[in-house]
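Here is a short report on how two chains meet and how one of them is built. Keep the model in view as you read.

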Number of protein chains: 2
Amino acid sequence: MRAFTITADKFTAENIPHCGNKFLIGNGYFGIRGTMEEYTKEHMPAVNMAGIYDKVGDAWRESVNAPNPLSTYVKINGKKLALPDAEPISHKQELDIAKGIHTRCTTWQTEGGEVCVTCERFADMARRNAVGMRYTLKTDFDCTAEITTGIDGDVWDINGPHFVKIDTASRGDIEAVSGTTGEKGIIVTAQECVSYRFDGEINVRCGEKQVLKTITFTAKANTEYCFEKTALIYASCDEKPCTDAADELNYADLKREHIAAWERIWDVSEVEIDGDDEAMLALNYSIYHLNCIAPRGLSGISIPARGLSGQVYKGAVFWDTEMFMIDYYIHTEPAVAKTLLQYRIDTLCGAKTKAAEYGLDGAYYAWESQEGGFEACSDYNVVDVFTKRPMRTYFRDKQYHVSAAVVYGIMKYINATGDTGILSEGALEVIIECARMYRSLLIKKADGSQYEIRDVVGPDEYHERVSNNAYTNKMAQFVFKTAYDMIKALDNDSYDELNKRYDLEKLLDVFKDSYENMYIPQPSEDTGLIEQFDGYFKLEDVSVDEVRSRLLDPKEYWGGAYGVAADTQVLKQADVVAMLSMFKNDYNAEIMRKNWEYYEPRTEHGSSLSACMYSLLSCHIGNPDAAYPLFMKSASADMNPGGKEWAGGIYIGGTHPASEGGAWIVAVKGFAGIDIADGELVCNPNLPKKWKKLSFKLMFKGELYCISIENGKGTINKI
Amino acid sequence: MRAFTITADKFTAENIPHCGNKFLIGNGYFGIRGTMEEYTKEHMPAVNMAGIYDKVGDAWRESVNAPNPLSTYVKINGKKLALPDAEPISHKQELDIAKGIHTRCTTWQTEGGEVCVTCERFADMARRNAVGMRYTLKTDFDCTAEITTGIDGDVWDINGPHFVKIDTASRGDIEAVSGTTGEKGIIVTAQECVSYRFDGEINVRCGEKQVLKTITFTAKANTEYCFEKTALIYASCDEKPCTDAADELNYADLKREHIAAWERIWDVSEVEIDGDDEAMLALNYSIYHLNCIAPRGLSGISIPARGLSGQVYKGAVFWDTEMFMIDYYIHTEPAVAKTLLQYRIDTLCGAKTKAAEYGLDGAYYAWESQEGGFEACSDYNVVDVFTKRPMRTYFRDKQYHVSAAVVYGIMKYINATGDTGILSEGALEVIIECARMYRSLLIKKADGSQYEIRDVVGPDEYHERVSNNAYTNKMAQFVFKTAYDMIKALDNDSYDELNKRYDLEKLLDVFKDSYENMYIPQPSEDTGLIEQFDGYFKLEDVSVDEVRSRLLDPKEYWGGAYGVAADTQVLKQADVVAMLSMFKNDYNAEIMRKNWEYYEPRTEHGSSLSACMYSLLSCHIGNPDAAYPLFMKSASADMNPGGKEWAGGIYIGGTHPASEGGAWIVAVKGFAGIDIADGELVCNPNLPKKWKKLSFKLMFKGELYCISIENGKGTINKI
């Protein structure tokens, strides 16, 4: 693996939230935001736990942040070096994505002279419960120094506090803080052991919410004073209990094993791009993020839309996973992809419950899925900036396309891994139940001949309650056809077995009727355009900038009933274009081009899921240079500040793994043109001009391949 | 006719708009608001024309106000006696509803002493173009007086100015002002002749927009100086041109003929209530208003929702006419009722155009119908008080029940008059085309057995885009059944004739299938309640007062997507209860009672159409005393100030003829219990406690009947 480093050279208070995301470390069990050790709640530090949720009162249910074992600050001659009182004079923050190690180096000016703190830390990729941290203090003058480090149970929450009880303890060399959640009584514990090799007076305090250890000593000028911390984070609901103890771990050993684990990942995952270091860095940085959040060796969880960067979007799992992230795992570490799908299989019951709630048959997956498939999405998902009232949104009720995304994810997995066994392990039931849900959505006019689906929210959430959304109808048809084909493909024994629970003959008839008679908006004969939904072309045709200029408040929501985009053709994100990029074999290049050209200037790209879809379609129609800036936007979603952080009064910042997964899809399926044809990997590359060579590895049906594209030609070699 | 007088004894500036409505005079060709002669535009004086519309720029199309021939003011010793400089010290405004004469008597205090003006005026019920006015000045001191009277073409408009050209003229004894509308070039003229019998210097000025005649004279103390004005109002689009000239008319003759015409009306229309003078006054006042706006001898027009009181609701015709007003005319002056229906027959083309606009078959009548059936309702019918932006409303698109109201009006007319001839004159085509429209709304679930109608706005406009609104579905079924029955009832010749244009056999099949398989929400077995629409009972169940308390702005709209009522069970107006009161024979008294009791406390009665429906149902279930306050509310809609004058930033004040027609329906069909059974008039009275006797006349199948109810018994005698 070559060296890839992400750096911030300057301290800017307003970039603290952004850096918290940009410099995230994580190991799939938890994510640790890229905040400084001395930060307190207002700067949003977090050790965000995967798959643990809690609800306080009427507030949104959200993921839980663990007690923070990194909490550390320094006092020099009695004066604390932390915001808001002390701003650094120099500050460097660095992420070594090859090794998964975060480093900071910060200098403060004090009355006596300069004080410098460096700290490296990692979320252990080899032992999921472990965190390592090495903290060094150096001054350029003699002084009295105090380093206070410990575990802070007074964590940052959006809709907290989630710990109704906090226990603090110090025994021997170990300190621990355990928080108990209110809803389910889950105990989340952070445990630490601190070691150092200099003289100092030590003092340990167990407070109500913190355990803090203060080392007081006389610091000599230009001498490094260093401590190492090994910490463990675990929860009472863990499937596999943590068997380590913090004082038995050694920092150097942990670090070595951690780096080795990342090396194994990069050995398969690294993408090389000759001629475009910027793109190569952005894409590998995207891959880094996808690995920080991959649930390895865990079950019952999937990946939240904001990864493990905090509680935004409630720490919930969206269609993002199956649509944009899973492809990377399918082709690099299929076991992770299977874990993601297993989550959907395991939460079928939640999806059935939701369907029943809306009077539908089958399975309607949650728009914002928490543990057990619990639907976390509220009927009021946006706040009106003018009245401060919650606004009734229809994400929960009418984004039916989430069920299709689950089926789509399953089929991508099966087609690329050949693992049809998953069907009998529950995936076929998921497919059938999703198809049953779509069936119950179908309506026909009294004198009509085709099935319609009315009153939906498509991917473009700015237009709510629309009918015959091309994307939704096409995906429903895909689900019907998939269910039909998968039942038809069953061997006799499996058929008979499944037939005990379903009347399969009847289902086959029903699904066939459904996909054959589904109304799919077709390209207009005149213009080649596919209407996004009934009546879309009658909406005001106005530019994105014009719509933006109508905002009365920058945080105002663009969609909903009266948002600035609602009655215009301006859309939030790829919708028809998403459909075309997913079903490229059903449309000719001319149709795809015309629709791309129509919809792109009308797209706000207000979702990080948008750019990659446009980029991918651009590749499909042979225009990689138009695809390139959208690819870069997608790959860099978390690298640069200025992203969309508000939607109608709700903070929506965090990492963007779907965008990063989407960038990987564009590189592999777009630029490299990797596809599966007749069950074989094929490569029809279309590289951007400045890319001399693109090479990467890919898992396909259990084998690892090396793909290399150069001089317009692609080679696929089994390793 | 006994003497009925409506009076206001005090001047209050804030009541000026209310008095403009309360003291309206009119003759069906125009209405004259009850404003004072010296008022200018800000006080909303208007001579509001029936059936003449104009549109300025992007503003709403609305009815046109004629040049005002009543404009008159007085100067005493050079000082003008008019607002805002001179407020009266005493003021009395009176409406003699028996004679249709408006009188005002106002005294001002000036430096020299008191000045008193009296003025009587009428909108001529015998000659539709004529206006009579007698104006008297008296002072209690000698002074120099100037009376300026004339025609003011600078009229008050909501979305004007509508006159792009104004001509003023003075020839001989006649002055005239003609305004030409911008859209259609219609010329609306007011012509006047002024006569007086005292010495004075006269001066006539033809200005750009006014013709003003000033009489300057020395007024002696305690001497009356009087002038009389005969005026004519006419328009270039009149079917029958005005053949009179203002100088050939004599005030006394006009007045005598006018009173005689009102006497003929009251001879049929007066309702007597022994034991309740207040109710008798309110009801006859309601009847007065219905007569001020009745289109007699006119064609191509109907009655706007705000009568002829101005441009509110664009001067457009709503379902109000067929649902609430037509009953009175059917039973007192069927020719007027037929004119109203003829308007719908004549505007079938407009209704077909609207249906086609929405991709529907048949006829979809305008929610706000102007000439030719032109749909005046905008997609944005309310203004957001917080952002000042227009709000997307669905009145225009989805209040499908207006077409059913037209059919319902036709059937009420036919059943009460026996005039089946109207069917072959176009009414049957209206019924068939409305049924075809509803047919094209019907949908069925892929595996469903009944037809549904989704995504509608029912009478309760606070809940938009609902599905299976009980009222709408029931009315659609009524239309299907009516169309089926009316085709079945055709004689052979008529059938063959109509069969040339329609495939009647097929229509019969389709309409039968439609009404037989229509889904109508049924009373719950547990509670007896009928759900207003799918999911209504799941909405927040909260009181009207609680919802009101959530308003952040008193002018805020309650409905729409985010209004305070939208996600609650609080409704604007009778919806399920309207259905029950109209289809009382389809439900037992217990069901009707349970639903009344459930829905009434949840009803804001934010529409003047609401109270009468609740009142009527209360009579049907044998509870006239619960009906009584709602009846009084309905009958007094224009008598008392404090009515709802704003909806989301839009002024909605004016007269309430539907409420007044509703009061008449309650008195006759509710309290008197008049019904048609087996083609005969029957009477099942249910009088409020304090009513000793109720008597009135009624036209039925061409004969006049006298109905008298006393001691719990009703008698019906042919006259």
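## How the copies are related

Copies are superposed by least squares on the C-alpha atoms of residues with pLDDT of at least 70 in both. Chain B can then be laid on chain A with an RMSD of 0.1 Å, using a turn of 180° and a shift of 0.1 Å along the axis. The two copies are thus related as by a two-fold rotation axis. B:Lys444 comes closest to this axis of the residues of chain B, with its C-alpha at 2.7 Å.

This is a predicted model: local features need pLDDT of at least 70, side-chain atom pairs count only at pLDDT 80 or more, and totals for chains, interfaces and linings use all residues. Residues are numbered from 1 along each chain as its sequence is written, while chains are lettered from A and ligands numbered from 1 in the order in which they are written.

## Where the chains meet

Two residues are in contact if their C-beta atoms, placed from the backbone, lie within 7 Å. By that rule, 21 residues of chain B touch 22 residues of chain A. Two elements of chain B give two or more residues to its side: β21 (390-392) and β22 (443-445). Helices (H or I, at least four residues) and strands (E, at least two) are DSSP runs, numbered from the N terminus. β22(B) gives the most, with three residues.

The side of chain B that touches chain A has nine nonpolar, two polar and 10 charged residues. Here Ala, Val, Leu, Ile, Met, Phe, Trp, Tyr, Cys and Pro count as nonpolar, Asp, Glu, Lys and Arg as charged, and the others, Gly among them, as polar. 100% of the interface residues of chain B are also interface residues in chain A, so the copies meet through the same surface.

Strands pair if DSSP finds at least two bridges between them. Strand β22 (residues 443-445) of chain A pairs with β22(B) in the antiparallel sense, over three bridges. In this pairing, A:Ile443 stands opposite B:Lys445.

## Two domains in chain A

Chain A is divided into domain 1 (5-266) and domain 2 (271-718). These bounds come from an automatic or database domain assignment. The centres of the two domains, taken over C-alpha atoms, are 36 Å apart.

In chain A, 30 residues of domain 1 are in contact with 31 residues of domain 2. The domain 1 side divides into 14 nonpolar, 10 polar and six charged residues.
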